Amino acid sequence: MTKAKLSKSTLDFLEPMQLPFFSNGDWQTSAQAIDVIDPATSEKIASVSLASARDIDQAIDSAANAFTAWSTQSITLRTRCLRNLAQLIQRDEQILAELECIDVGKPISAALEFDVPFAADCFSYFANVAEDFEYTSNNNLTTTDSHVVKLPYGVAGFVFPWNFPLTLCAWGIAPALAAGNTVVVKPASETPLSSLYLAKLCQEAGFPAGVVNILPGQGSVAGEALISSQKIKLMSFTGSTAVGKHVAEVCGRNLVPAKLELGGKGAAIVCNDANVDHAVENLSGAVTLNAGQVCCTASRWYIHEDIYQEFVDKAKAKYQSTKVLNGAHPEAEMGPICTEKQLSQVLNCIKEAKEQGAKVLCGGNRITHGEYANGYFIEPTLLAGSDDNTWAQEEIFGPVAFLLKFSDEDEVINRANQNPYGLANSVWTTDSDKAIKLAHSLVGGNSWINAHNVFEYGLNYGACNQSGCGGGVNSVATFEGYLRHQSIASVR
């Protein structure tokens, strides 16, 4: 998407030669910057200031200084800021969608349908939760007159990845802010634009200086400074399992609680009584969503042998008809991979899978002709093989599904559960009793029935095993996770 096609408001936001970061209620330019690249064209979009370790430390101090006033402010005033922000996100939905398109590569239509409205709804939802929540509970004990009060931690740190910059930021900071914490956010340096625009809207929404701080930076510098700080009281990291383990280790040394939302290798169990057309349509859409750069997507498809060939034929037809275009195109169903580095990683995964015996049923190639020449486009890909293939078990993070055949439902559940991750799986069958039984048997934070990638506020989305720990997102339980419990007691 060329800059000439952007709205004037988006161009105005991108106008500075170097976009500043937001700290202590002020916009600050640093000595170091990074170019943000449009993955559809490999053209420079903007230059963004990168926070240093010192900048992060100063932001944490400003958040700590703002904490007392913010946490003791009335819930009505706090939630007013959140609702103001929700309305501003809705007002500027086109700008945010355009930023997600040129930054991440996703179709504008997808950002307008999901990313932007879901982010706005997040702030509204947690404003409602904060107002309805019971912050004090009586113990009703014999020896003491006692109760428990639930209080915010203090400064919460956040590190987010590049695949859903706006949505993931909202999922993290909305409950933290609603609970009375202040926040320091390090968005991915590859995709900082919508997070910085969100900071602009936070300022307009009336959040006091220091309550929200958003500073893009390199993981090895700004990210390391944030997770290593002994001044933060709670840490939230979303990203790869490998980096998540490092975050947990560093935070553990400081005894800082770490909330980890990590990778996955979701299994879809498609039974012989499934609606094949429905399963093909939805599973194909799950894997092409955001060019497959979705940690919870279904990338292991276990297909019953009775319907295997029918399923393969229809899935190939669906993939081959998917419109892979620049996300600015109104007909785009899938855009490019977000970065050149990730494109190389996906292509290498396909190559290694083939070397280990996987068969490419369709796709598998970079798209380089015509208008695609300079972008990071790849064909949606179907692989088929055995469970012992590395890439049948490890996350590829691209539009690639690995098909595996099964004949026995008990046996396939055991095969699916051998995977080390535990994020999201799905079951496809027209038998409701069987669906519930299989969904309960699959190990993961989420089991979906005849659908995949299901999100709703109030429905907890969490993880287990190598996919994360420390609670989920999007529910009342999420909100409570940003509150510490303090007992108050007197002896009778």
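1. Helix H7 is largely enclosed by the rest of the structure, because 10 of its 13 residues are buried; buried means under 20% relative accessible area, with a 1.4 Å probe and protein chains only. The buried residues of H7 are Leu193, Ser194, Ser195, Leu196, Tyr197, Leu198, Ala199, Leu201, Cys202 and Ala205. This is a predicted model, in which local features need pLDDT of at least 70, side-chain atom pairs count only at pLDDT 80 or more, and totals for chains, interfaces and linings use all residues. Residues are numbered from 1 along each chain as its sequence is written, and side-chain values use heavy atoms, with hydrogens and water left out.

2. H7 covers residues 193-205 and reaches 18 Å from its first C-alpha to its last, close to the 18 Å expected at 1.5 Å a residue; the expected span is 1.5 Å times one less than the number of residues. Helices (H or I, at least four residues) and strands (E, at least two) are DSSP runs, numbered from the N terminus. Gly206, with a positive phi near 100 degrees, follows H7.

3. The largest pocket has a volume of about 1,200 Å³. A pocket is an open set of points on a 1 Å grid over the protein atoms alone, where a 1.4 Å probe fits, with protein on both sides within 12 Å along at least five of seven lines; lining residues have an atom within 4 Å of a point. The volume is the space filled by probe spheres set on the points, which are joined across faces, edges and corners. Of the 48 lining residues, Pro161, Trp162, Glu190, Ser240 and Val243 are the closest to the centre of the largest pocket.

4. The lining of the largest pocket comprises 21 nonpolar, 17 polar and 10 charged residues. Here Ala, Val, Leu, Ile, Met, Phe, Trp, Tyr, Cys and Pro count as nonpolar, Asp, Glu, Lys and Arg as charged, and the others, Gly among them, as polar.

5. The second largest pocket holds about 950 Å³ of space. Its lining of 39 residues has Gly285, Ala286, Leu289, Asn290 and Asn453 closest to the centre. Helix H10 (276-288) gives the most to this lining, with six residues.

6. Ser467 lies in the loop between strand E18 (446-449) and strand E19 (468-469), and counts as buried because its relative accessibility is 0%. The side chain of Ser467 reaches the backbone nitrogen of Gly422 at 2.9 Å. Beyond its neighbours within four places in sequence, Ser467 is in contact (heavy atoms within 4.5 Å) with residues including Leu260, Glu261, Tyr421 and Leu423.

Definitions and conventions. Buried < 20%, exposed > 50% of the residue type's maximum accessible area, 1.4 Å probe, protein only. Polar contact = N/O pair within 3.5 Å; in protein donor to acceptor, adjacent residues only side chain to side chain.
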